[in-house]
Amino acid sequence: MNTTPEIIDRARKMRKEPTEEENKLWHILLKHIKPRFVRQRTIGYYIVDFYCPKLKLIIEIDGEQHFWEENEEYEKRREKFLNDSGYTLLHFYNSDINKHIRETEHTITNACREIAEELGLSVEVEFYSSAK
């Protein structure tokens, strides 16, 4: 499944205008992890919040739009496509970022290390600081 120029343009716009929670997680943790994560990446016809190509790990921050009834089928198709394509997905709610950032950091870091170990890679966190 290929992407389209419209989806690529939308991803670029989303990178320039992240949500508060995306921005917080990026600056606190994800931009400091190696292997490297990228923001708002297109995979097929879908845009994922954060993606680590070497680990095939996707991190999604789910705002309220993910739970609207009219989006339910889309979300199921998207999740199935990504899982069937071999990606590991971690989902967090906005409240996880806003109220439970330390637990979120640990979950992500542990997942990175577990996947990396399976692949014979290492994970480095250059800077590790929790928000208060």
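A charge is taken to sit over a ring if NZ of Lys or CZ of Arg is within 6 Å of the ring centre and within 35 degrees of the ring normal. By this criterion, the charged end of Arg-39 is placed over the ring of Trp-26, 5.2 Å from its centre. The model is predicted: local features need pLDDT of at least 70, side-chain atom pairs count only at pLDDT 80 or more, and totals for chains, interfaces and linings use all residues. Residues are numbered from 1 along each chain as its sequence is written, and side-chain values use heavy atoms, with hydrogens and water left out.

**Aromatic pairs**

- The whole structure contains 4 aromatic pairs; rings of Phe, Tyr and Trp (its six-membered ring) pair if their centres lie within 6.5 Å, with planes under 30 degrees apart counted as stacked, over 60 as edge-to-face and the rest as tilted.
- Trp-26 and Phe-50 count as stacked because their ring centres are 6.1 Å apart and their planes lie at 5°.
- Trp-26 belongs to helix H2 (residues 20-28) and Phe-50 to strand E3 (residues 46-52), so this pair ties together parts that are 24 residues apart in sequence; helices (H or I, at least four residues) and strands (E, at least two) are DSSP runs, numbered from the N terminus.
- Both Trp-26 and Phe-50 are buried, a term meaning under 20% relative accessible area, with exposed over 50% and partly exposed in between (1.4 Å probe, protein chains only).
- Tyr-46 and Phe-81 form a tilted pair, at 5.5 Å centre to centre and 45° between the planes.
- That pair links strand E3, which holds Tyr-46, to helix H3 (residues 72-84), which holds Phe-81, across 35 residues.
- Tyr-46 counts as buried because its relative accessibility is 8%, and Tyr-46 forms one aromatic cluster with Tyr-74 and Phe-81.

**A further charge over a ring**

- Lys-56 lies over the face of Tyr-87, 4.6 Å from the ring centre.

**Asp-96**

- Asp-96 is located in helix H4 (residues 94-99), and its side chain reaches the backbone nitrogen of Tyr-93 at 2.8 Å.
- Beyond its neighbours within four places in sequence, Asp-96 is in contact with Ile-101 and Thr-104, where contact means heavy atoms within 4.5 Å.

**Thr-109**

- Thr-109 is part of helix H5 (residues 101-119) and counts as buried because its relative accessibility is 5%.
- A polar atom of the Thr-109 side chain lies 2.8 Å from the backbone oxygen of Glu-105.
- The C-alpha atoms of Thr-109 and Leu-29 are separated by 8.8 Å, although the two residues are 80 residues apart along the chain.

Conventions
Polar contact = N/O pair within 3.5 Å; in protein donor to acceptor, adjacent residues only side chain to side chain.
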